[in-house]
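Here is a short briefing on a ligand site and on nonpolar packing. Look over the sequence and the structure before reading on.

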Amino acid sequence: MKLCMIGTGYVGLVSGVCFSDLGNDVICVDKDLDKINLLKKGQVPIYEPGLSELVVKNYRNKKLKFSTNLKKSIQESDIIFICVGTPTKKGGTSADLSQIYNVAKEISLSINKFKIIITKSTVPVTTGDEIERIISKRNNKNRFSVVSNPEFLREGEAIRDFTYPDRIVIGSNDLKSNRVLKNLYSPLISKGAQYIHTSRRAAELIKYASNAFLATKVTFINEIANLCEKTGINVEDISIGMGLDKRIGSRFLRAGPAYGGSCFPKDTKAITSTANRFKTDLSVIKSVIRSNENRSNLLLSRVYEILNKKIKNKKITFLGVTFKANTDDMRDSSSLSMIPALSKKGAIIRYFDPTGYKKEFEKIKNVSFINNIKKSLIGSDLVIIHTEWNDFKSLNFKQIIKGKKFIIYDMRNIYSPSKIKSQGFKYFSIGR
Ligand code: UGA
């Protein structure tokens, strides 16, 4: 099938590349000429394991093309995926849909034969209705179908999540496009992916409800971890004990810093804002947002306690600053609030991250990037394991440090407390 992905951000690029790997002819379009030129050279602008190999392979065998020509790309394709960003509106909580509607206008001017137009971007309920309204201003309704097909890819695991999804959700109000899309996804369905067909609005809401529920699960265990810390219980026993109940499930019960990334913070806010618009109070999700926003302050106060409230001139090393491992994404990472707060109190911060220097800390006083784990640790008073990269999982702290021992605050519970303490380190973790 001939597919066009509009927007080569995370969703568009990963999905486009994976669809081409399944044998479809895919054109990835973007306004950003520099990005398109980089992709043509096989250079991928985001860090995602396995992605650049698939870009090079499918570009070489001509199943994958890159272009800045939107009109031509739309006209050459049967299925158009809208994959542009839906960030939070500046100063608000709802999703900014301007990019989506601009693309809808462009599509409406370019339709030359029947097109299936799909939102893969995360969009609030009724966005599909509005896209349909925009396109039908210039086109007869039998020339196009607007469908919602949300993606559930995790950064860092995106290729695997695309290839072996738990479910594929197609929200369409007509059966013809449903048949075409079932066929498009048949290689994944035959490997065991569940395929569900719903109304367009239901598919839009499934995406938000899923992210909000996962964010709730993470926040729930984070709050239970707070109670564990006060009562001498290991939160991991609680996660295991709860997770073995099949009604609950074991995943997304790892306590840690505040959740971050480009999706949970944005989508939890957007769903409450949509609900407000429909005069519905999503009070559970609102309290999840509040709890998560407080979490970085809570962990910071733990850092102050650990350092006996003497922060000035203390050397603090952050291992990992991205919002989670296997991504270079800094969006809404809890390090973005913790590092400036510690710097303001006079700490001297060094950080190491496998994905390198971060411009986000450029203007923060006394913050420097050290391009070597060992060097970043030497001379520290406190080491904060902020992100769960594999690179940090088997460090032999005792061997690295010959002299003065630093304190370790393991925010991802990577290490066994008894093992690290037996090596003479003061060790703190989350909920244990
Ligand atoms: C999330 C969803 O998991 C994907 O299904 C969805 O497609 C994506 O958002 C999206 O909407 O595009 P992602 O943001 O890549 O994916 O990250 P997750 O792996 O879900 O992690 C989100 C946050 O929760 C991170 O800060 C992570 O550290 C935290 N988390 C996750 C925990 O603290 N504990 C856990 O047990 C799991």
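A polar contact here is a pair of N or O atoms within 3.5 Å. The model is predicted.

**Ligand: polar contacts and burial**
- A polar backbone atom of Phe323 is 3.5 Å from an oxygen atom of the ligand.
- The ligand taken alone exposes 710 Å², and the protein buries 94% of that.

**Ligand: the surrounding shell**
- Two elements, α10 (200-231) and α12 (264-277), each give two or more residues to the shell.
- Helix α10 gives the most, with 3 residues.
- In total, 19 residues surround the ligand.
- The closest are Leu153, Glu155, Lys207, Asn211 and Cys263.
- By class, the shell has 9 nonpolar, 8 charged and 2 polar residues.

**Nonpolar cores**
- In soluble globular proteins, nonpolar side chains tend to be buried together.
- The largest nonpolar core here has 37 residues.
- Phe19, Leu51, Phe66, Ile79, Phe81, Leu181 and Leu184 touch the most other members of this core.
- Helix α1 (residues 10-21) supplies the largest share of this core, 7 residues.
- Another core, of 32 residues, lies apart from it and includes Met242, Leu307, Met330 and Ile407.

**Phe81 in detail**
- Beyond its neighbours within four places in sequence, Phe81 is in contact with Leu3, Cys4, Met5 and Ile6, among others.
- Its contacts also include Phe19, Ile118, Lys120, Asn149 and Leu184.

Definitions and conventions. Residues are numbered from 1 along each chain as its sequence is written. This is a predicted model: local features need pLDDT of at least 70, side-chain atom pairs count only at pLDDT 80 or more; totals for chains, interfaces and linings use all residues. Side-chain values use heavy atoms; hydrogens and water are left out. A nonpolar core is a set of buried Ala, Val, Leu, Ile, Met, Phe, Trp, Tyr and Cys residues joined through side-chain atoms within 4.5 Å. Buried means under 20% relative accessible area, exposed over 50%, partly exposed in between (1.4 Å probe, protein chains only). Helices (H or I, at least four residues) and strands (E, at least two) are DSSP runs, numbered from the N terminus. Contact means heavy atoms within 4.5 Å. A residue is near a molecule or strand if one of its heavy atoms lies within 4 Å of it. A polar contact is a pair of N or O atoms within 3.5 Å; within protein, one must be able to donate a hydrogen and the other to accept it, and residues adjacent in sequence count only if both atoms are side-chain atoms. Accessible areas come from the Shrake-Rupley method with a 1.4 Å probe; for residues, only the protein chains shown count as cover. Ala, Val, Leu, Ile, Met, Phe, Trp, Tyr, Cys and Pro count as nonpolar, Asp, Glu, Lys and Arg as charged, and the others, Gly among them, as polar.
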